[in-house]
Amino acid sequence: MSTHSSSHVHAKPAPVGGPLFNAVTLISGVLILTMAVILLVRFVYGLGSVTALNDGYPWGIWIAVDVVIGSAFACGGFSVAMLVYIFNKGEYHPLVRPALLASLLGYTLAGVGVIFDLGRWWNVWNMFWPGSVNPNSVMFEVAVCITAYIMVMWIEFAPTFFEKFGMDNAKRKLSKFMFAIIALGTLLPMMHQSSLGTLLVVMGEQVHPLWQTPTLPALYLLSAITMGYAVVLFESCLASAAYRRSIEMHLLTPLAKVMLGMLAAFLILRLGDLVVRGALPRAFGLSLEAVFFWLEMLCFIAPFFVIGSAANRRNPAKLFVAGILLMLGGALLRLNGFLIAYQPVIGVETSGVNFSYFPTLPELLVTVGMFAIEVFAYIVITRRFPVLPREEVKPA
Amino acid sequence: MTTRRNFLRGALAATGAIVGAGSTASVQARETYSVPPEGLGLLYDATLCIGCKACVAACKEANNNPPEFSTVDKLWDTPLDTSGYTFNLIKMYRSGTMETKDAENNGYAFMKTSCMHCADPSCVSACPVSAMIKNPTNGIVEYNPDKCIGCRYCVAACPFGIPKYQYDSPTGEIGKCELCRHRHKDGHYSACAEVCPTGATLFGKTSVLLEEAKRRLALKPGSVTTYPRGHLRHGQLKALLGEPEGKGRMERTGWKDEPNQNYEGEVGNYQQHVYGEKEYGGTQVLKLSGVPFEKVGMPKLPPYSSAATSETIQHSLYGGLLMPIAVLGALTWVAKRNVKPEDEEGGQS
């Protein structure tokens, strides 16, 4: 029965149960339907009919938020699995399955979300066609890796469905080579989360020096792992509150310490890089970029003050706040690189051409709809499938 | 350059260390490519341009593009910038009283905006499906809509803001200048150069055009010289330089014959800079201007391409899949030790 030792005795995952129709799922349903209508318009009349995309800003929030930030938010499964299976911290085992579910949903939606943004989506098979692929392209690497990872995650998560439907034989067979799936599931996100940062490198001068650096792959990878732990803190607190379950503080408190360690490594590289490249002075001055840089920094540094002390790490509310701060910081790093710090080429200054981008309401509603699918699916799956650890004693 | 590469190497080593491969993979910087010897391009001389926009109209016609309007009456094709339907545009620089042509202050000037056909194009490096490729012989950056997935990474990557997507269509394509390559088989060359009445836009091999550009920069402003029009061939260049026509440099045959269209004109007050000779590792479209290039919308760019930086990073991390396989091997070994067969993912312990 046991993996690494009998010292970790965990509750078996079990469906939470309860109604599928409630205020949250109902609101999610309305948001999802709204998104479907907007997407219908988009596919019939083109991207310009619903988005604010223009010749200066070819990428908007569907890429920066739904895909780049969305997939980083979905790093919980990867971060926790790495901790449990690679660094052999078996005590965190109960966190694996819920984190994996959130990752699975996040990544699958990011993958689907890309299609909404593709202007010539019916050609997407070329991405995997040997006669078409371009191995020099960072996006090729990102696309192939994310596709592979989505498939790997569904396999990793399959035991949940096997358990639900009593497919013991399939479960046993799969468990024999689960170690290989887990290894692959650790490698793939390392590859594409770093490459999501490398995407910006070819844009050269168009990306502000505060965010344009050859260290982008390392920065994006480190921040994605950190965000993975932050998302787990956030989710655990939220799920516990929503389902009136006890919070797994004995796991979250040490996890928060691991997260701070990763965060420190990230910050050292981030600031060291800015100093070495001589880009730091650009952060001092009145510009949109400078303001957003400091916002990003604030979100990355504040967690040390919130949960820096061991006592504070035992406080669920503070863990929750620190988790949100780090998710915001990582989101800002990405939003800044892909949108705020992106400067389109204008040409002759006096020719009257000026580009700006701010998402339209329909564009925002699609992004909201994507998150609504995630919430909806998370509720349905955790209520009906064995994901969260079984509660021994129902708290009042 | 060296410092940059060293830094890049350090940065990559850091990434490698984080990925956990011990960064044993040697980091080989990918050099910026150069213009191919037979590369074709344009030479745009802003001092000769009179802003007639015949090239804009010819480009529209040659590429079968619809007009775009920016005025209320919608009578004329009046795009304000290049777009998915406008591949070539003459923009105007204005300063103060606009009295003198090609003067930075109280003057005005024109500048052509179209694809520069980079030696090492970012759009080609960015494209995941090889829909944007650089022709290995003539160096034209070619677009293939039948492969394009419409991700618009090329749009974001281009340092000149050239490829543009057609957002108003559910089947929108990327639009950009391809030097009228679809007309080459009939002996025609770039329509913009074909119609240019003053030879401000010349078509030819980039090597020939670069020599012509340097000939002009060496002339005394205000003196009189001979300007060619249309397609500048090697033989004509030699005549302009007053040299005997050398042998061994065969022109591609099949271009249509044209009468000599040379004319005498006054030499402008040039910036001593051939834009595109060094920028981004070189571009096949070259430019001369009387007003500093940054003022007329040509960005100040380093002599190396971001495509080289990006591919150096990608190939250092993923070249031959060495690093991923090594990391996967290590991860599998560790995971095998820590995951017992009974330990179904997330199951009980």
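A nonpolar core, for this talk, is a set of buried Ala, Val, Leu, Ile, Met, Phe, Trp, Tyr and Cys residues joined through C-beta atoms within 7 Å. Buried means that 20 or more other C-beta atoms lie within 10 Å of a residue's own, with C-beta atoms placed from the backbone; exposed means 12 or fewer, and partly exposed is in between.

Hello everyone, and thanks for coming. What you see is a predicted model, in which local features need pLDDT of at least 70 and side-chain atom pairs count only at pLDDT 80 or more, while totals for chains, interfaces and linings use all residues. Residues are numbered from 1 along each chain as its sequence is written, and chains are lettered from A and ligands numbered from 1 in the order in which they are written.

Let's start with that core. Which residues touch the most other members of the largest one? Among its 221 residues, they are A:A64, A:L233 and B:C154. Helix α8(A) contributes the most, with 17 residues. Helices (H or I, at least four residues) and strands (E, at least two) are DSSP runs, numbered from the N terminus.

Chain A is divided into domain 1 (12–50) and domain 2 (51–344), with bounds from an automatic or database domain assignment. Both domains give residues to this core, so the core lies between them. Their C-alpha centres lie 23 Å apart. Seven residues of domain 1 of chain A are in contact with six of domain 2, where contact means C-beta atoms, placed from the backbone, within 7 Å.

Let me stay with B:C154 for a moment. Leaving out residues up to four places away in sequence, B:C154 touches B:C123, B:A126, B:C127, B:M132, B:P163 and B:I174.

Now, how do the two chains meet? On chain A, 87 residues are in contact with 77 residues of chain B. Which helix gives the largest share of chain A's side? That is α7(A), with twelve residues. By class, this side of chain A has 48 nonpolar, 29 polar and ten charged residues. Here Ala, Val, Leu, Ile, Met, Phe, Trp, Tyr, Cys and Pro count as nonpolar, Asp, Glu, Lys and Arg as charged, and the others, Gly among them, as polar.

Ten of the eleven residues of α3(A) are buried, including A:F78, A:M82 and A:Y85. The buried residues of α3(A) pack against α4, α5, α7, α8 and α9 of chain A, together with α10 (322–338) of chain B. After α3(A) comes A:N88, with a positive phi near 55°.

On to chain B, which has ten helices and 13 strands. Of its 349 residues, 51% count as buried. In helix α2 (residues 54–62) of chain B, the buried residues are B:C55, B:V56, B:A58, B:C59 and B:K60. They pack against β2, α6 (191–195) and β9 (201–205) of chain B. Following α2(B) is B:N64, whose phi is also positive, near 55°.

That β2 takes us to a sheet. In chain B, three strands form an open sheet in the order β2-β4-β3, with mixed pairing; two strands pair if DSSP finds at least two bridges between them. Why do β2 (89–94) and β3 (100–101) of chain B stand at the edges? Each has a single partner strand, so one side of each is left without a neighbour in the sheet. β2(B) pairs with β4 (residues 107–113) of chain B in the antiparallel sense, over six bridges.

Conventions:
Contact = placed C-beta atoms within 7 Å.
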